Amino acid sequence: SICGGSAPRHPTGFFSGRINTKDKVEVLHGVVEARVKLADRNDYSWSAFWALGTQVGSRGWPFCGESEITEMWTTSTQWSKWKDGVGDAMRPAFTLHSYHSVPGDFAAARANKQAWVSYNEGAYADGTYDPHGYNDYRWVKMPNKIAWFVNERPVAEAWNGGGQVRMRIHNGRWWGGEFGDGLWAPFDDPRNPMFLIFNLAFGSGVSLGGAKDINRFRKNGELDRASMEYVRVWEVAS
């Protein structure tokens, strides 16, 4: 993401960058591996490697389903629940977003989407990753199950528990207790394979705090950098 340009974002005046595989590579069941370095230089960046259901255009979010393979931002976040629930600044996290019930009118529900979304989230365990360097992430999406790994270590797993999302997190030594919220439906729907997104956002609604001081992080026009050495996808026949 680079300062300046023909249509800078307000109020910060900075661009955000994104690439995705929509209409190119979409996964219903399979394995995704990527070597990723998340942005780690300042309080205003939010980088993520994630998957979104292709029904985002017709049903919208969160009804299409979403899964962060890894994402990271800092304690400037306005969402205190992330600071309390996930951890301190510069700690990678993962999520699985679904919805509580099927709406009668998707268009109306999208207008009040926060009332429908279910949050299933956690942080990567300390000692399993390099917070300032590249890490190898693996996301395994199989019928009725999704699993996360970093540097060959288990991170978390989610599964279909009678139509509901159930989940547990590995703390680097052992598995924690079971939890979960929302419907499993969007993650195994053959009409809703997921595409991949790699992005870096500046001054978003989540990481905007103190944006008036953002210029102090500029160096040769660059604020921060997120990079990927490779991404590989293996599709599994359903």
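Modeller: First, a term for the surface. A nonpolar patch joins side chains such as Val or Leu that lie within 5 Å of each other, and its residues have over 30% relative accessible area and no salt bridge. Keep in mind that this is a predicted model.

One such patch is formed by Val25, Val231 and Val233. Val231 sits in strand β13, residues 227-235. Its relative accessible area is 39%, so Val231 is partly exposed: the value falls between the 20% and 50% limits.

Now go inside. The largest nonpolar core holds 31 residues. Phe49, Leu96, Tyr124, Trp139 and Trp148 have the most contacts within this core. Strand β12, residues 194-202, supplies the largest share of the core, with 5 residues. There is also a second, separate core of 8 residues, and Ala48, Leu52, Trp61 and Val117 are among them.

Beyond its neighbours within four places in sequence, Trp139 is in contact with Gly30, Val31, Val32, Ala51, Ser67, Ile69, Ile146, Ala147, Trp148 and Met194. One of those partners is a serine, Ser67.

Ser67 belongs to strand β5, residues 66-72. Is Ser67 buried or exposed? Its relative accessibility is 0%, so Ser67 counts as buried; the limit is under 20%. Setting aside residues up to four places away, Ser67 touches Trp50, Ala51, Thr95, Leu96, Trp139, Trp148 and Met194. Leu96, Trp139 and Trp148 were named above for their contacts inside the core.

Leu96 leads on to another tryptophan. Trp184 touches Leu96, and its other contacts beyond four places in sequence include Asn144, Lys145, Ile146, Trp159, Gly163 and Val165. Trp184 lies in a loop, between β11 (164-169) and β12. Even so, Trp184 is buried, because its relative accessible area is 2% and the limit is under 20%. Its side chain makes a polar contact with the side chain of Asp188, at 2.9 Å. The chain also comes back on itself here: Trp184 and Gly163 are 21 residues apart in sequence, yet their C-alpha atoms are separated by 5.4 Å.

Next, the backbone. Most residues other than glycine have a negative phi, and most peptide bonds are trans. Asn144, a contact of Trp184, has a positive phi of about 70°. Asn144 is in the loop between β8 (135-142) and β9 (145-150). At 39% relative accessible area, Asn144 is partly exposed. Asn151 also has a positive phi, of about 50°. Asn151 falls in the loop between β9 and β10 (153-161). Its relative accessible area of 27% makes Asn151 partly exposed.

From Trp61 to Pro62 the bond is cis, with omega near 10°. Pro62 is in the loop between β4 (45-53) and β5. Trp61 itself is part of the second core, and β5 is the strand that holds Ser67.

Notes
Residues numbered from 1 in each chain as written. Predicted model: local features only at pLDDT ≥ 70, side-chain atom pairs only at ≥ 80, totals over all residues. Heavy atoms only, no water. Helix = DSSP H or I, 4+ residues; strand = E, 2+ residues; numbered from the N terminus. Buried < 20%, exposed > 50% of the residue type's maximum accessible area, 1.4 Å probe, protein only. Contact = heavy atoms within 4.5 Å. Patch = residues over 30% accessible without salt bridge, like charges linked within 9 Å, V, L, I, M, F, W, Y side chains within 5 Å. Areas by Shrake-Rupley, 256 points an atom, 1.4 Å probe, with all protein chains shown as cover. Salt bridge = Lys/Arg side-chain N within 4 Å of Asp/Glu carboxyl O. Core = buried A, V, L, I, M, F, W, Y, C linked by side-chain atoms within 4.5 Å. Polar contact = N/O pair within 3.5 Å; in protein donor to acceptor, adjacent residues only side chain to side chain.
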